[in-house]
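Dear colleague,

I am handing over the structure below, and I would be glad if you kept it open while you read the notes that follow it.

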Amino acid sequence: RDLDTDFLLIVLRDLLPKRPSLRVVLMSATINAQIFKDYFGSCQSIHIPGRTFPVTSYFLENALEHTGFVVEPNSEYSKRDAYDLMPD
C-alpha cells in the first residue's frame with residue numbers, strides 16, 4: 001500500500017453510497033479482509049484458499065558474489081562522488 005492507494009480507497013468509500021451500482025474488487029494474498037469489510041460498511045467478500053510460496057531476496061552484492069564479477073575502480077559502473085561527475 002502507498003499514499004495513492006489509500007487516497008483512492010477513501011474516494012471509493014465515499015463514492016459508493018452515491019453510486020450503488022459501482023462494484024469494487026480488491027485482491028491481495030496478504031490482506032486482512034475484515035478490516036476492509038468494516039471500512040466499506042460490512043460489504044461482501046469471497047475467500048479463495050491458496051498457499052504461500054517462500055520468497056528469497058537477492059541484492060546486487062549477491063549477484064556480484066555469485067558471478068565473481070568485479071567492478072573496476074574507473075569503470076562506468078563504479079561508485080563515484082557527484083563532484084567527479086560535474087562537467088569542468
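Just after helix α3, Gly68 takes a positive phi of about 75°, where helices (H or I, at least four residues) are DSSP runs numbered from the N terminus. This is a predicted model, in which local features need pLDDT of at least 70, side-chain atom pairs count only at pLDDT 80 or more, and totals for chains, interfaces and linings use all residues. Residues are numbered from 1 along each chain as its sequence is written, and side-chain values use heavy atoms, with hydrogens and water left out.

Helix α3 itself covers residues 60–67, and the count of buried residues among its eight residues is zero; here buried means under 20% relative accessible area, exposed over 50%, and partly exposed in between, with a 1.4 Å probe and protein chains only. In the loop between α3 and α4 (82–85) you will find Glu76, which is exposed, with a relative accessible area of 62%. The C-alpha atoms of Glu76 and Gly41 are separated by 55 Å, although these residues are 35 apart along the chain.

Val24 lies in the loop between α1 (3–15) and α2 (33–39), and it counts as partly exposed because its relative accessible area is 31%. Together with Leu26 and Ile31, Val24 forms a nonpolar patch on the surface, with about 200 Å² of accessible area for the three together. Such a patch is made of residues with over 30% relative accessible area and no salt bridge, nonpolar side chains (Val, Leu, Ile, Met, Phe, Trp, Tyr) being joined within 5 Å and like charges within 9 Å, and the areas come from the Shrake-Rupley method with a 1.4 Å probe, only the protein chains shown counting as cover for residues. Cys43, in the loop between α2 and α3, is also partly exposed, at 32% relative accessibility, and its C-alpha atom is separated by 9.9 Å from that of Val24, 19 residues away along the chain.

Finally, how many salt bridges does the structure hold? It holds one, a salt bridge being a side-chain nitrogen of Lys or Arg within 4 Å of a carboxyl oxygen of Asp or Glu. Asp14 forms this salt bridge with Arg13, and the closest N and O atoms are 3.5 Å apart. Asp14 is partly exposed, with a relative accessible area of 41%, and Arg13 is partly exposed as well, with a relative accessible area of 31%.

Methods
Helices (H or I, at least four residues) and strands (E, at least two) are DSSP runs, numbered from the N terminus.
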